[in-house]
Amino acid sequence: MNANISNQLLNQRYQIIRELGRQPGRRTVTALDLETQQQVVVKLLYLGQDFDWQDLKLFERESTILKNLYHPQIPRYLDYFEFDATNDKGFALVQTYIEAQSLEVQLQAGRRFSEDEVKELAKSLLAILEYLHEQQPPIIHRDIKPSNILLTNRSGNSVGEVYLVDFGSVQNIAAQEGGTITVVGTYGYMPPEQFGGRTKPASDLYSLGATLIYIVTGLHPTELPQQDLHIQFRQAVDVSQEFASWLEWMVEPSLEKRFASAKIALAAIENPPARINLVPDSKQLLNKPLQTKIRLIKTPEKLEIILPPTGFGIGLVTLISCLTPIAIGSPFFSQIISNSSAFIGFIVWLLQIGAIAILAFLLLSAINKRTRVQFQSNEMNIINEIFGFTWQSNEEIIPIYDIAQLTVVYDTYETRLKENLFIFNKNNLVFDFDRYSNLTTLEREWLAAEISNWLKLQMR
Ligand SMILES: Nc1ncnc2c1ncn2[C@@H]1O[C@H](COP(=O)(O)OP(=O)(O)O)[C@@H](O)[C@H]1O
Ligand SMILES: [Mg+2]
């Protein structure tokens, strides 16, 4: 690998202009394509002392992937060739040149961004990630960081055009399934799971979050304090609480708790779910109603609300009165049985057993079914319990970041015009307190204040 390469002609076509970056055994340069008179970018991999087959594998993957990507904010693949000059041998990947400087260079040069601009950048980059993660199989960039993001100057109201470059670390999920694991990425911008070679699309979200934190703090993630793998940046920034929460979800160390996709992250940016590891602010809380049978257990990790059995409501009494005759086998049924085949008799018998089971369940529920509503750091769980036996359906496990709204409203939903306390995610009702218990207005307001406080979610 020659020290001075400017003016060197590659493949009798590309005349090197200047160097953009250099790493052991590799170089990125700009060149003039003599055929088209366009400026292009050439990435060179040298077959020298530093050569490693692993590098060639990634280099070839970079070319193949770039060849199949068509996005206005990603460089276009132009050419690939091997070169064999007197001193230099290697491989070259030619791509379109983007006239913009990297975020790293711009921040070093003193460019600063407002919160709105950072959000604009974030949205634009998330849209690129959405495109990559949507590919079949999904493409994970794995090396999102300030030097791999290019940005033009401000124009009008816009922060500038943003581009994602350097697909030299990409992974498609297919490649990950079998064989060896390669750890690539940049320390400080890599999520914990990537150290173990386990990458998911959400891994790119972490790197993007760390990049945005660098933009708002001016500090590399490694220069910021950490607590249990959480990057502590709030003390170093001047952004809204909401945006800080959103950034925290992006760099959430646990893959399971982080936003699951670029789409979800994008949808949450203006109205992010609250972070809940903060100390509750006791001012807003209401006193526990004196008469309540609801139990509330609060620890730093968990808020648990135990709703007592519902007792016998009109609906339940009606249902029980309808089922009872079937269960006890009224004379009408015995008539049918005595006059017909053994098969019909068997069906009736099954009906009777079924009715007895349902009746038993309804009675037990009314007398003893408790509902435990638990809010933990990452999920909300609804657990049903009768005499110590517990069960839970899939819909009763709700990711905390999904919770978007907490409301006390008149329940027009059921046309009964009854007050109800609801928890909603973006589109749906996820929990409806009054369906599980008969709350009084005082109880409802007390619980609403507690939950709102715990989730740091404003009541509506
Ligand atoms: N298509 C491009 N247009 C303009 N500049 C680019 C382009 N690709 C890369 N660069 C610049 O060159 C630098 C090095 O290229 P990159 O692809 O990141 O190589 P490396 O794998 O060595 O990090 C980048 O940080 C970026 O500033
Ligand atoms: Mg790079």
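Which helix holds Trp349? Select Trp349 and see: the residue is found in helix H11, residues 342-368. Keep in mind throughout that this is a predicted model.

**Stop 1**

**Stop 2: the magnesium ion**

Next, select ligand 2, the magnesium ion. Its protein donors are Asn148, through OD1, and Asp166, through OD. Both lie 2.2 Å from the ion. Trace the chain out from each donor. Asn148 sits in the loop between strand S8 (139-140) and strand S9 (149-151). Asp166 sits in the loop between strand S10 (162-164) and strand S11 (171-172). The two are 18 residues apart, and the pair links distant parts of the chain.

**Stop 3: helix H6**

Select residues 201-217, which make up helix H6. Check its length with the distance tool on the end C-alpha atoms. They are 25 Å apart. At 1.5 Å a residue, the 17 residues should span 24 Å, so the two values agree. Then step just past the helix to Gly218. This glycine takes a positive phi of about 75 degrees.

**Stop 4: salt bridges**

Show charged side chains. The count comes to 19 salt bridges. Visit these in turn.

- Arg22 and Glu19: their side chains meet at 3.3 Å, N to O. Arg22 is partly exposed at 47%, and Glu19 is partly exposed at 32%.
- Asp143 and Lys145: the closest N and O atoms are 3.9 Å apart. Asp143 is buried at 8%, and Lys145 is buried at 18%.
- Arg258 and Glu193: their side chains meet at 2.9 Å, N to O. Arg258 is in the loop between helix H7 (241-250) and helix H8 (262-268), while Glu193 is in helix H5 (residues 192-195).

Then select Glu115, Lys119, Lys123 and Glu270. Salt bridges that share partners join these four into one network.

**Stop 5: aromatic rings**

Switch to Phe, Tyr and Trp. The model has 11 aromatic pairs. Begin with Tyr14 and Phe81. How are their rings arranged? They are stacked, 5.6 Å centre to centre, with 5 degrees between the planes. Tyr14 belongs to strand S2 (residues 14-23) and Phe81 to strand S5 (residues 77-84), 67 residues apart. Both Tyr14 and Phe81 are buried.

Move on to Phe361 and Trp391. Their ring centres are 6.0 Å apart and their planes are at 55 degrees, so this pair is tilted. Phe361 brings you back to helix H11, while Trp391 is in strand S18 (residues 389-391). Phe361 is partly exposed at 40%, and Trp391 is partly exposed at 35%.

Finish with Phe243, Trp246, Trp249 and Phe259. These residues form one aromatic cluster.

Methods
Residues are numbered from 1 along each chain as its sequence is written. Chains are lettered from A and ligands numbered from 1 in the order in which they are written. This is a predicted model: local features need pLDDT of at least 70, side-chain atom pairs count only at pLDDT 80 or more; totals for chains, interfaces and linings use all residues. Side-chain values use heavy atoms; hydrogens and water are left out. Donors are N, O and S atoms within 2.8 Å of the metal (3.2 Å for Na, K and Ca); water is not among the atoms, so sites may look incomplete. Helices (H or I, at least four residues) and strands (E, at least two) are DSSP runs, numbered from the N terminus. The expected span of a helix is 1.5 Å times one less than its number of residues. Buried means under 20% relative accessible area, exposed over 50%, partly exposed in between (1.4 Å probe, protein chains only). Rings of Phe, Tyr and Trp (its six-membered ring) pair if their centres lie within 6.5 Å; planes under 30 degrees apart count as stacked, over 60 as edge-to-face and the rest as tilted.
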